[in-house]
Amino acid sequence: MGDKAGNPYDMDGSSFDADRYLQKLLKECSLKQIMDTEAGIVRQTQTLHSDMQTLVYENYNKFISATDTIRKMKTDFKSMETEMNLLMANMNSITEFSEKITDTLQETRSQLTRLSGKHQLLKKLQFLSSLPAKLKTLIEEENYQQAVQEYSHAQKVLQQYGQQPSFQGIQEDCIKILDELKDRLKGEFRQTGKSAQSLTEIGELLLQLGERPSTLAKEMLECASKRLHEQIVVLQDQTDRDMIEFIDLGIEGFLKDLTLVISSYNDMFLSKHLEQEADDFEQTARVDLNAFVNSNVDEYLALVQDRAELEIGHGDSQIILRGLDRLHRRMTAMRTLCRSLDMSKSGIDIIVNAAQQLCQTHMRSLKDHFADSLSSVRLALVSANTTTPSGSSTSSATQSGGGQGSASGSTTPGTAGLRELISNLYISTIEKVKGLMQDLLIFLQPEWSFNLKGDPKGIQCIEGIRENLLVAFLRHFCATVNGYGNVNSTAPPTLLLVLSKVCLEMDRAGVHSLTSLVDELYNLDAERSGSLVHESELCTEMRDSAQLLLDSYVRLQGLHLSQMLRKSVETRDWLNCLEPRSVRAVMKRVVEEISAIELVLGELYDSSVAPHGGSRTTASSDSSRKTHFSIAASKQSQFRSTWSTYTPQAQLDSSFVSNIHRLFSEKIEIFAPVEFSKVSIITGIIKICLKTLLECVRLRTFSRYGFQQIQVDAHYLQMNLWRFASDENLIHVLLDEILGSAVVRCLEPILMEPNAVEIICDRN
């Protein structure tokens, strides 16, 4: 700032030097720049002159206007001074006249005051004399409130002068008329059909007439209870209205009257100090009011709850909740109005009950849907079995070296049909559960006045939706399918296979998708909650059910094949058999049935690897050609030295050797749980079949040719069954036991030549 003020080249500064500025300009600038600078300075000079002229003109006008205003003010003040002097003279004159009038009317004023007092007294006397007749007229006109007001105005005068003879008669007449009025009011007070407004007005009049508050309070609550009960009876008949109209009727009728009774009761008995009552009257009256409110509210809410239960599951849930929301708003307003009361129930109780009721309805719907789905699956399986003629299975083509046999199952629908049944049952169940769980979200919409998440009962209700609907249905699912897996169940094996696969899908993905969806929709944390069932527990139950059903499937299929083997052994005369020329038909049938089962399982389960192991061991290249004679070739000398002589002691020795061999061999669990793989399942079925055949052989006695027939059958089974089992040695061990038992039970245990056995089996 200081530099600018001392700059000689600044035109706006006080130290500007025109000569120096011109010399500098001539030295540093060209002719064109000098001419431009000159033009700029000329323009600025003209603008400055114009601004100065405008400023002078405006100030000149202001000075002229101020001069005119001052001149006008001088003139106005002169006229105002004249008027003020005139006003002062008038006020002095008025004051003098007022003083004269006051002195003149002083005596007359005292007389007027006395006359006015006497006039008022005469009016009161006239009112008292006409009071009895006026009271009768008002009572006949049923204008009770006006009659009580008229008597209340005259009550102090009568109490003060009632002992005088002239007023005593008037007081007695008034008391008699008021007694009649009390009796009439009490009669109307006890009448049924009176509204809460009428009861309140009558109660106020009775209190003004000196009625005892304690007695009147009890009578008021009794009469109000009768009136409210009548309204509930009327609401019970409103069955043709929807939920919103029903709630509106209750709000405008029952709750409105109840609120009016509570407010009037508070004004008449609780907010006033009644000297004629005991000190504990207020407490007693409050207890009576609490009991009155709770009993009537409970009765009304029970009616609403019954109506909601009737509507839930049949009507529109949106309409039902909209009506219950209106009720909740009104109940909340009542609680705000009656803060001193202890209302045991509120609208949230009905809403929680409605949610539980809808949850139960959805649970029944889920059970029915699941039952219908199971019926559809069974019907589809029956239809598939009907369309497949019995005995249409083709013989398995067995080639040298263990070729794969093909057979169409006579008791099993196509694998594509099974996959479709499994997929339909799984998807329909999952989608049904998801739809119903999302339907219950209507209780958590932000538009409602109630907030279930902010209320302890509401939180329990939300958790109950998860536990009582989702978890309960999943456990019902397990219990239902477990019923098909019981020993006494008559379910077809294919149904058990379908249900087992569905349970596996539920364990793999279904349970997780449902629980995660519900936890996300309802903002639940099942991981940290101690009261909610964890997902892993449900998955375990599903897997246990799948295991039970699969074990039952293996048991039923094994028993079905075992029955054929048992009949074939028991119905044959093994002592009079001819020399074997072919494999028995039952053995071919068993192989065909197992091939058909493998065909079905191959599409549903992994053919080689189970979830927990169970892979099939690789068979030796000559397995299909190995005979059971060659298996026991190392024991040929024992057969010849011991079994060929056939003495009791020799039989004992051979049994002893067989038992010793069995003692040191690995124990085979026949009914052990199978794994979820094709190989493990078929191995379980084969173990049951061969164990049955073993036990049947032990109970029969064989001739030479009967024993050789068992040898041929065993070799045929070994040729065809090794490729199905998880362990080839297991088949060998069981067939060895069968052949060994046949040796023990044979009268002449002579084995057929291995080449002959192979020729017979190859020909078949």
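**View 1. L310 in helix α11.** L310 is a residue of helix α11, where helices (DSSP H or I runs of at least four residues) and strands (DSSP E runs of at least two) are numbered from the N terminus. The model shown here is predicted, so local features need pLDDT of at least 70 and side-chain atom pairs count only at pLDDT 80 or more, whereas totals for chains, interfaces and linings use all residues. Residues are numbered from 1 along each chain as its sequence is written, and side-chain values use heavy atoms, with hydrogens and water left out. With a relative accessible area of 60%, L310 is exposed; buried means under 20% relative accessible area, exposed over 50%, and partly exposed in between, for a 1.4 Å probe and protein chains only. The C-alpha atom of L310 lies 9.7 Å from that of Q357, a residue 47 positions away along the chain.

**View 2. The packing of helix α10 against helix α11.** Helix α10 (residues 243-270) packs with helix α11 (residues 281-311) at an angle of about 180°, and their axes are 11 Å apart. This angle makes α10 roughly antiparallel to α11, given that angles under 35 degrees count as roughly parallel, over 145 as roughly antiparallel, 65 to 115 as roughly perpendicular and the rest as oblique. The contact of α10 with α11 comprises 22 nonpolar, three polar and five charged residues, where Ala, Val, Leu, Ile, Met, Phe, Trp, Tyr, Cys and Pro count as nonpolar, Asp, Glu, Lys and Arg as charged, and the others, Gly among them, as polar. Axes are lines fitted to C-alpha atoms, for helices over the stretch in contact, and angles run from 0 to 180 degrees between N-to-C directions.

View 3. Helix α16 (residues 493-521) has 29 residues and spans 39 Å from its first C-alpha to its last, close to the 42 Å expected at 1.5 Å a residue; the expected span is 1.5 Å times one less than the number of residues. A kink of about 55° in α16 is centred on M506, the bend at a residue being the angle between axes fitted to the seven residues ending there and the seven starting there. Just after α16, N523 takes a positive phi of about 55°, and this residue sits in the loop between α16 and α17 (535-570). Most residues other than glycine have a negative phi. N523 is exposed, at a relative accessible area of 61%.

View 4. The structure holds zero disulfides, a disulfide being a pair of cysteine sulfur atoms within 2.5 Å. For C478, the closest cysteine sulfur is that of C503, 5.9 Å away, which is too far for a bond. C478 is buried, with a relative accessible area of 4%, and C223 also counts as buried, at 11% relative accessibility.

**View 5. Helix α24 and its buried residues.** Helix α24 (residues 728-744) has 17 residues and reaches 25 Å from its first C-alpha to its last, close to the 24 Å expected at 1.5 Å a residue. The helix is mostly covered, with twelve of its 17 residues buried, among them E728, H732, E737 and S741 as well as L734, L735 and V743.

View 6. M363 belongs to helix α13 (residues 347-387) and is buried, with a relative accessible area of 10%. The C-alpha atoms of M363 and L436 are separated by 9.0 Å, although these residues are 73 residues apart along the chain. V569, in helix α17, counts as buried at 1% relative accessibility, and its C-alpha atom is 9.8 Å from that of I710, 141 residues apart along the chain. G458 lies in helix α15 (residues 456-484) and counts as buried at 0% relative accessibility. Between the C-alpha atoms of G458 and F443, 15 residues apart along the chain, the separation is 9.9 Å.
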